[in-house]
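Please open the model in a viewer and keep the selection tool at hand.

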Amino acid sequence: MHWQDNPEAYGQATDKRGLGLHLLHNIYRNLPENELLQFKAYMHRIFNVETASNQRQPGAPGLEDLKKLTAEKGGYSVLLFRSLLHHTLSKAEENALYQFGYLIQICDDIFDLWHDRQAGIDTTATFFAGQGEVDLMVKNFEQQVAFTYQAFRQTHYPVVQVETAVHIIHYLISITRVCLHHYIDIKYSHGKMPLENRTVIVVDMEKWSNRYLAAQNLLRPL
């Protein structure tokens, strides 16, 4: 609560070089007033989520809390960068980019499962894995994929632009599905998720078998 809505004070206390504040103030100076207000609003949402996550009360958060944290961290991060563009942001586009950011964060958490668990970081991926519910991890991911595609297709941009964006997102989705396929395989081969075994859990995308599977996923209909 000490830092809430005040990243400047946090920067003064933690960044003795002052580089972060220097770059932030450059952004402030170069944004028109109305766009600056929107930028700050998004920045404060991300900042508050990040600082609050380091001050949680003892005990693991519940699934709904984790979903909310994941959505806000990813969604507002994308919107923060979008707010730097001098182009009016409609409600439909705002929702599409929020859903996209949420999806990116889910993908990141799925790949970082072993690392986050070792660091004691709670995510939806560590929650499902800890419960041995890989199928629910997949379901949660696929639901957000569908929400994101739907949100993009409800924007008012030309169909060609929308479908180009959706196909670019599909590339990220295809790689994440490789990771989920790996988790399903090891869950059934080991009878559980061997969460402490880095060699087994971490997905190596340098392997040709995983690259081939990613290519197969790319050919799946959207």
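How many salt bridges does the structure hold? The structure holds nine, a salt bridge being a side-chain nitrogen of Lys or Arg within 4 Å of a carboxyl oxygen of Asp or Glu. This is a predicted model, in which local features need pLDDT of at least 70 and side-chain atom pairs count only at pLDDT 80 or more, while totals for chains, interfaces and linings use all residues. Residues are numbered from 1 along each chain as its sequence is written, and side-chain values use heavy atoms, with hydrogens and water left out.

**First stop: helix H4**

Select lysine 67 and glutamate 64, whose side chains meet in a salt bridge of 4.0 Å, N to O. Both residues belong to helix H4 (residues 63-82), where they are three residues apart and thus separated by about one helical turn. Helices (H or I, at least four residues) and strands (E, at least two) are DSSP runs, numbered from the N terminus. Lysine 67 is partly exposed at 21% relative accessibility, whereas glutamate 64 is exposed at 57%. In these terms, buried means under 20% relative accessible area, exposed over 50%, and partly exposed in between (1.4 Å probe, protein chains only).

**Second stop: helix H5**

Proceed to lysine 91 and glutamate 94, a salt bridge in which the closest N and O atoms are 3.7 Å apart. Helix H5 (residues 91-111) holds both partners, three residues apart, about one turn of the helix. Lysine 91 is exposed, with 68% relative accessibility.

Now select glutamate 196 and arginine 117, which form a salt bridge with 3.4 Å between the closest N and O atoms. Glutamate 196 lies in the loop between helix H9 (159-190) and helix H10 (198-201), and arginine 117 lies in helix H6 (residues 113-119), so the pair ties together parts that are 79 residues apart in sequence. Glutamate 196 is exposed at 57% relative accessible area, and arginine 117 is partly exposed at 35%.

How many disulfides does the structure hold? There are zero, a disulfide being counted as a pair of cysteine sulfur atoms within 2.5 Å. Select cysteine 107: the closest cysteine sulfur, in cysteine 179, is 9.5 Å from its own sulfur, too far for a bond. Cysteine 107 is buried at 3% relative accessibility, and cysteine 179 is also buried, at 0%.

Display H9, which has 32 residues and reaches 45 Å from its first C-alpha to its last, close to the 46 Å expected at 1.5 Å a residue. The expected span is 1.5 Å times one less than the number of residues in the helix. Just after H9, select glycine 191, which takes a positive phi of about 80 degrees.

**Last stop: tyrosine 157**

Finally, select tyrosine 157, in the loop between helix H8 (134-153) and H9. Tyrosine 157 is partly exposed, with a relative accessible area of 33%.
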